[in-house]
Amino acid sequence: MSSTEANGDITQASKKARMSGDAANLHLDGVPPDTLRKVQAYLDSFRLSQEKLLQVSAQLKKDMIRGLGKHSHHKAPVKMLPTFVRATPDGTEKGDFLALDLGGTNFRVLHVRVVEDLQKVLKMDSQICAIPKEMMLGTGQQLFDHIAACLGDFLVSQDLKGQTLPLGFTFSFPCEQKEIDKSILIRWTKGFNCSGVEGEDVVKLLKEAIHRRGDFDIGSVAMVNDTVGTMMSCGYRDQSCEIGMIIGTGTNACYMEEMKNVKRVEGEDGRMCINTEWGGFGDNGSLRGIQTEFDVEVDKTSINPGVHTFEKMISGMYLGEIVRLLLVKLTEEKLLFQGQTSEALQTLESFETKFISEIEEPDTGLENARRILTQLGLKWDEVDVRVVCLVCDTVSSRSARLCAAALAAIANHMRVNRRLDHLKTTVGVDGTVYRKHPNFSEELQETVRLLAPKCDITFLVSEDGSGKGAAMVTAVAQRLALQSRLLEDSDGEGDNEDDEDEEEDEEEDV
């Protein structure tokens with residue numbers, strides 16, 4: 001049985017969901033059978049059967065468990081980083097918060113208000129501040145002084161100068177988080193190389209810069225990963241939101257794990273949000289069986305060969321390049337454009353991922369394909385246009401199904417962990433591929449239902465995870481700290497009895 005046939009259960013189900021009647025044959029009309037057969041031979045390796053997707057899901061689950069282990073995590077391709085976010089919103093959070101979002105050549109400062117009565121997270125105002133190129137390569141002190149100055153100006157403009165507000169800090173660089181308010185920069189990326197920051201606690205550097213100014217102060221700080229912010233920004237509206245997922249330029253997911261499984265952090269009770277860093281899935285070679293020659297080539301020409309294997313198969317940064325390589329190959333085999341390529345098509349990354357979304361638009365796709373092929377300097381006929389549509393559909397479809405396999409691994413893991421027959425949960429999701437591609441979200445959801453049949457998963461598109469979400473993380477941390485203080489202030493005798501009861505329970509378990 002070919003992989004195309006075996007894949008019927010998933011592909012056809014989702015195709016039916018998004019296409020009706022003759023539209024399903026849109027890509028194939030007028031394509032000579034012999035040409036189609038030869039094209040399909042190249043596309044077959046992108047079509048993954050349900051059995052194969054279940055294997056991918058099972059492999060990720062194994063790697064997640066390795067990543068959580070105290071002694072195995074350092075060798076795990078999926079890093080499973082503790083975030084020290086110990087709860088999702090419960091709807092009682094309220095108040096004013098600041099959020100700082102630094103992840104590129106600009107950073108944002110936001111004033112966010114959490115309104116309990118309305119169950120809403122409102123962005124009161126925000127300001128974008130540029131970071132000059134020379135500052136990106138200067139000293140860490142210069143950078144953090146600049147951030148503190150912009151924060152101070154923003155507080156003045158909002159008439160908040162006298163208030164000491166808690167702050168959520170989204171810092172989108174590789175960090176090792178030690179506590180909710182302590183995060184060590186491992187290395188700079190994205191063109192930054194400020195001295196004196198790598199190996200240091202970025203919260204401490206921010207606070208020192210604010211104290212050097214001496215004209216304002218901030219309250220408690222919560223460090224936030226953007227994927228966690230995505231989950232938390234949805235968690236106030238839907239308190240069953242315990243998974244966050246980004247599928248855009250890059251990809252990542254987080255979820256609420258049982259503390260007893262988080263071996264690298266002390267404590268057995270409750271839950272903690274884990275940042276999976278699932279983009280690294282397959283970095284140990286476990287996905288070699290489903291990587292195509294085109295995936296191998298994309299990896300080879302990337303700026304980081306050998307790492308972020310899974311991300312390179314499904315995320316927006318790479319999908320366009322996979323399609324381009326396929327089109328080049330089909331042209332070389334004289335299955336497209338009468339064997340005549342163009343300088344643009346031969347240029348690395350010239351086929352943008354947004355072209356895939358445009359070509360797959362239900363009403364205007366063929367028209368968009370003609371325009372894009374002309375733009376790329378190609379001489380096309382109607383058969384070429386339809387073959388290009390089929391290639392785009394195949395590549396984006398694989399991305400949605402692989403993403404679903406990974407998400408199913410998380411949902412199934414949570415259900416088994418919690419000893420539930422049935423898990424009902426919500427995924428807070430963000431990213432341009434999910435938001436902009438006309439079929440991606442539908443195919444993803446359809447496939448997750450098949451791969452995690454005992455999980456009832458709702459999808460909620462996040463609103464500003466790195467801004468509002470960061471403020472929400474801070475609001476929840478503040479609520480937990482207050483509850484913890486209330487417990488400490490209460491009579492201690494009962495606590496001792498509880499400890500003794502727990503010790504007795506542990507002895508019985510042994």
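**Close-up views of a predicted model**

**View 1. A nonpolar surface patch comprises Leu 118, Leu 122 and Met 124.** Together these residues present about 250 Å² of accessible area (Shrake-Rupley method, 1.4 Å probe, with only the protein chains shown counting as cover for residues). Patch members have over 30% relative accessible area and no salt bridge, nonpolar side chains being joined within 5 Å and like charges within 9 Å; a salt bridge places a side-chain nitrogen of Lys or Arg within 4 Å of a carboxyl oxygen of Asp or Glu. Leu 118 belongs to the loop between β3 (106-115) and β4 (120-130) (strands are DSSP runs of E, at least two residues; helices are runs of H or I, at least four; both are numbered from the N terminus). Leu 118 counts as exposed at 54% relative accessibility (exposed, over 50%; buried, under 20%; partly exposed, in between).

The model is predicted: local features require pLDDT of at least 70 and side-chain atom pairs pLDDT 80 or more, whereas totals for chains, interfaces and linings use all residues. Residues are numbered from 1 along each chain as its sequence is written, and side-chain values use heavy atoms, without hydrogens and water.

**View 2. Five strands form an open sheet with mixed pairing, in the order β4-β3-β2-β5-β8.** Because β4 and β8 (221-224) are edge strands with a single partner each, one side of each lacks a neighbour in the sheet. Pairing requires at least two DSSP bridges. β2 (residues 95-102) and β5 (residues 167-171) run parallel over 5 bridges, and Leu 100 stands opposite Phe 169 in β5.

**View 3. Phe 84, a residue other than glycine, has a positive phi near 65°.** Phe 84 occupies the loop between β1 (81-82) and β2 and is buried, at 9% relative accessible area.

Terms used:
Buried < 20%, exposed > 50% of the residue type's maximum accessible area, 1.4 Å probe, protein only.
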